[in-house]
Amino acid sequence: MASEPHTLTSRTLTIRRPDDWHVHLRDGAMLHAVAPRTAAQFARAIVMPNLSPPVTRVEHAIAYRKRIMAALPEGTAFTPLMTCYLTDDSDPAEIVRGFREGVWAACKLYPANATTNSAHGVSDPARIRPVLEAMQRAGMPLLIHGEVTDPAIDIFDREAVFVDRVLTPLVRDLPALKIVMEHITTAQAVDFVAAAGTQVAATITPQHLHLNRNALFAGGLRPHAYCLPVVKRETHRMAVRAAAVSGSPKFFLGTDSAPHTPGAKESACGCAGIFNAPFALESYLQVFEAEGALDRFEEFASEHGARFYGLPLNAGTVTLVRDTVRVPGHVAGVVPFHAGEMLAWRVAAT
Ligand code: DOR
Ligand code: ZN
């Protein structure tokens, strides 16, 4: 479907204001440091609930949403869309109430211990079956961190095994449940989502479009290329790139921007997460240009996600200008994705 705002010249690309369908804004000082970066690029964002303690109750989400807005400069036009962190003890009635009241946009399923602050996650999706059934009835989306945690499974195979063992039966048993497979990294996830019904979609991050697993070891151990799901081999990166630029409404932008302090990353046990918020649009655009798909960027960034969530498209536009920018070594005290590299586009001042 063509959309009004899209204009492409040899020097500029103007698109409808985009949304980030997966971001970690954190809390406290880090929230204040990073939230303005996301709000500068995106009109809305799906905010992950893996705080410590996690955002599990409606009143936690209302309070967190207020803290997010308080961390932004006066008058910033930004809407945080809150998510509920599922645990084995989640209450279907409270979740559906929060959704109906417009507090929750979705629930997030972290398999217990799959990633940062997921210790309270779900030990087995079978245990939250009543929650999933209530969500299906209410039309509430389930956002999934799709990795098995079985230590016997090779870390590079955890997403593909999740698709087989968990996602396939889930989609079969709850055929009307809206599901987003978050931050997909493999050909298996791409193929599954592409073949499923329209109720199943996926987000794609910049790092999984740019990096393959060699990036983790390029000239030495590279903690700033480490995120979860971990970047995969080149054939998978190519499959994820093809999905992003395919024009399919099932694939949309979700940065998974996940800041950690430099000390927490550059450590004997470094945290997973890549802080890509400051140059997210520029980073994606580089990929769409290399794939000859600049004309498909607007749908990926500004249309597919909103339609999946049943939300209106944003008013207003953002213009990107073809102009070399150097990504600084630090932004807001955090090492950003592409630190020290040159990018070929920049967001024009509005
Ligand atoms: O790399 C990641 N970082 N993946 C996740 O799933 C969580 C995130 C974080 O919160 O740091
Ligand atoms: Zn995430």
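## Aromatic pairs, a ligand and a zinc site

Both Phe 288 and Phe 297 are buried, where buried means under 20% relative accessible area, exposed over 50% and partly exposed in between, with a 1.4 Å probe and protein chains only. This is a predicted model in which local features need pLDDT of at least 70 and side-chain atom pairs count only at pLDDT 80 or more, while totals for chains, interfaces and linings use all residues. Residues are numbered from 1 along each chain as its sequence is written, chains are lettered from A and ligands numbered from 1 in the order in which they are written, and side-chain values use heavy atoms, with hydrogens and water left out.

Let us start with the rings. Across the whole structure, a search turns up eight aromatic pairs. Rings of Phe, Tyr and Trp (its six-membered ring) pair if their centres lie within 6.5 Å; planes under 30 degrees apart count as stacked, over 60 as edge-to-face and the rest as tilted. One of these pairs is Phe 252 with Phe 308, which is tilted, at 5.9 Å centre to centre and 40 degrees between the planes. Because Phe 252 belongs to strand E10 (residues 251-253) and Phe 308 to helix H11 (residues 297-309), the pair ties together parts that are 56 residues apart in sequence. Helices (H or I, at least four residues) and strands (E, at least two) are DSSP runs, numbered from the N terminus. Phe 252 is buried, at 0% relative accessible area, and Phe 308 also counts as buried, at 8%. Phe 288 and Phe 297 make an edge-to-face pair, because their ring centres are 5.1 Å apart and their planes stand at 65 degrees.

Phe 252 and Phe 308 also belong to one aromatic cluster with Trp 21 and Tyr 309. A charge sits over a ring if NZ of Lys or CZ of Arg is within 6 Å of the ring centre and within 35 degrees of the ring normal. Elsewhere, Arg 213 lies over the face of Phe 156, at 4.7 Å from the ring centre.

Next, which residues are closest to ligand 1? Among the 13 residues that surround ligand 1, the closest are Arg 26, Asn 50, Thr 115, Leu 228 and His 260; a residue counts here if one of its heavy atoms lies within 4 Å.

| Residue | Atom of the residue | Distance to an oxygen atom of ligand 1 |
|---|---|---|
| His 24 | polar side-chain atom | 3.4 Å |
| Arg 26 | side-chain N or O atom | 2.8 Å |
| Gly 273 | backbone N or O atom | 3.2 Å |

A polar contact is a pair of N or O atoms within 3.5 Å; within protein, one must be able to donate a hydrogen and the other to accept it, and residues adjacent in sequence count only if both atoms are side-chain atoms.

The zinc ion (ligand 2) is coordinated by His 22 (NE2), His 24 (NE2) and Asp 256 (OD), at 2.0 to 2.1 Å. Donors are N, O and S atoms within 2.8 Å of the metal (3.2 Å for Na, K and Ca); water is not among the atoms, so sites may look incomplete. Along the chain, the zinc donors follow the spacing H-x1-H-x231-D. His 22 counts as buried at 1% relative accessibility, and His 24 counts as buried at 8%.
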